[in-house]
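Hi everyone, thanks for coming. Let me put today's structure on the screen, and then we'll walk through a few parts of it together.

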Amino acid sequence: MEREPKRIREGYLVKKGSMFNTWKPMWVVLLDDGIEFYKKKIDNSPKGMIPLKGSSINSPCQDFGKRMFVFKLTTAKQQDHFFQAAYLEERDAWVRDIKKAIQCIEGGQRFARKSTRKSIRLPETINLSALYLSMKDSNKGIKELKLEKDKKVFNHCFTGSCVIDWLVSNNAIRNRKEGLMLASSLLNEGYLQAAGDTSKCAAEGLTDTPFLDLPDAYYYFADSGFFCEGNSSDDDVVLKEEFRGTVVKQGCLLKQGHRRKNWKVRKFILREDPAYLHYYDPAGGEDPLGAIHLRGCVVTAIEDIPDAKKHDVDTNLFEIITANEVHYFLQAATPVERTEWIKAIQVVSRTGK
């Protein structure tokens, strides 16, 4: 019986067209023997497939100076394929897994991530459902807290370290490494949910373990009253929900106008459920001037755009390409702020509706 290819990593990347210098968002799936790419995540048939056997990967790729975080995959037939990730860590994660997949093919091995299961076996008596109820016990369970990080307030949540501490103190595990496995199982089965960029990136496979034993990695019970609020960077006042979405991040950015030559400062508010980036006149006004629907979008850092230097807009730029392939160009004040916006938008584009 023919073996089903193993899915290693998947997500939106920007891919260069084979004929022209066009870059379009694609849903990319890394298998253990090749890379499939789809126009949309929901599509059943891929637009193309790149075999990994005999392929090589080049990163960082400097062939396109205006585009950052690009890597090149060259097939055995010397065909080049270019992909752009949203930020450095994401690019490096893709490159690392593709390199390992190629090495496994050459060595005749199966792809496998690092896992603590090689040295540790969980007791067979553990019942995740019963354990979850114990963790939620109002008297002896894990205490739900109000935590703050990155100008956001997380209500009814707790840290990854608190989860492992509780498991150890209740003799549910023998050590913290075993606790990571058990907590990862609770996360994978949906009993625990990730809150915030740090824990969400881990849950999406960007770290060695899906669950993090860290004081700044936040989680919450699946059926709890968890909600997140954003703090204003200007007056540090907690905002209430506007429209239907929870505020994730807000601040001022420079936005390119529809006629491409005019750039104006706009106040942006990023929301999830539904996933929208609304922009306002920074001088005031409660009604937004417009909104960018982020579900299924791709966001990437760029170094330059057409006509940008003519208008003194040439640093800290990033681009949002919506699911309908509408391009928006924005500018942050600093490289750090640009990275923060890209990561926040990327999370909302995956989790929001």
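Predicted model: local features only at pLDDT ≥ 70, side-chain atom pairs only at ≥ 80, totals over all residues.

After α3 comes asparagine 171, with a positive phi near 55°.

The axes of α2 and α4 come within 11 Å and cross at roughly 95°, which means α2 is roughly perpendicular to α4. By class, this contact has five nonpolar residues, one polar and no charged ones. On the α2 side we have Leu128, Leu131 and Met135, and they meet Leu182, Ser185 and Leu186 of α4.

Let's move on to the strands, starting with β6, residues 70-74. Five of its five residues are buried. In a regular strand, side chains alternate between the two faces of the sheet. Here, Val70, Lys72 and Thr74 point one way from β6, while Phe71 and Leu73 point the other way.

Which strands pair with β6? One is β5 (residues 56-58), antiparallel to β6 and joined to it by three bridges; there, isoleucine 57 has leucine 73 as its bridge partner. Another is β7 (residues 80-84), also antiparallel, over five bridges, with threonine 74 partnered by aspartate 80. The β6-β7 hairpin has five residues between its strands, and glutamine 78 takes a positive phi near 65° there.

Technical notes: Residues numbered from 1 in each chain as written. Heavy atoms only, no water. Helix = DSSP H or I, 4+ residues; strand = E, 2+ residues; numbered from the N terminus. Axes fitted to C-alpha atoms, helices over the stretch in contact; angles between N-to-C directions. Parallel < 35°, antiparallel > 145°, perpendicular 65-115°, else oblique. Contact = heavy atoms within 4.5 Å. Nonpolar A, V, L, I, M, F, W, Y, C, P; charged D, E, K, R; others polar. Buried < 20%, exposed > 50% of the residue type's maximum accessible area, 1.4 Å probe, protein only. Pairing = 2+ DSSP bridges.
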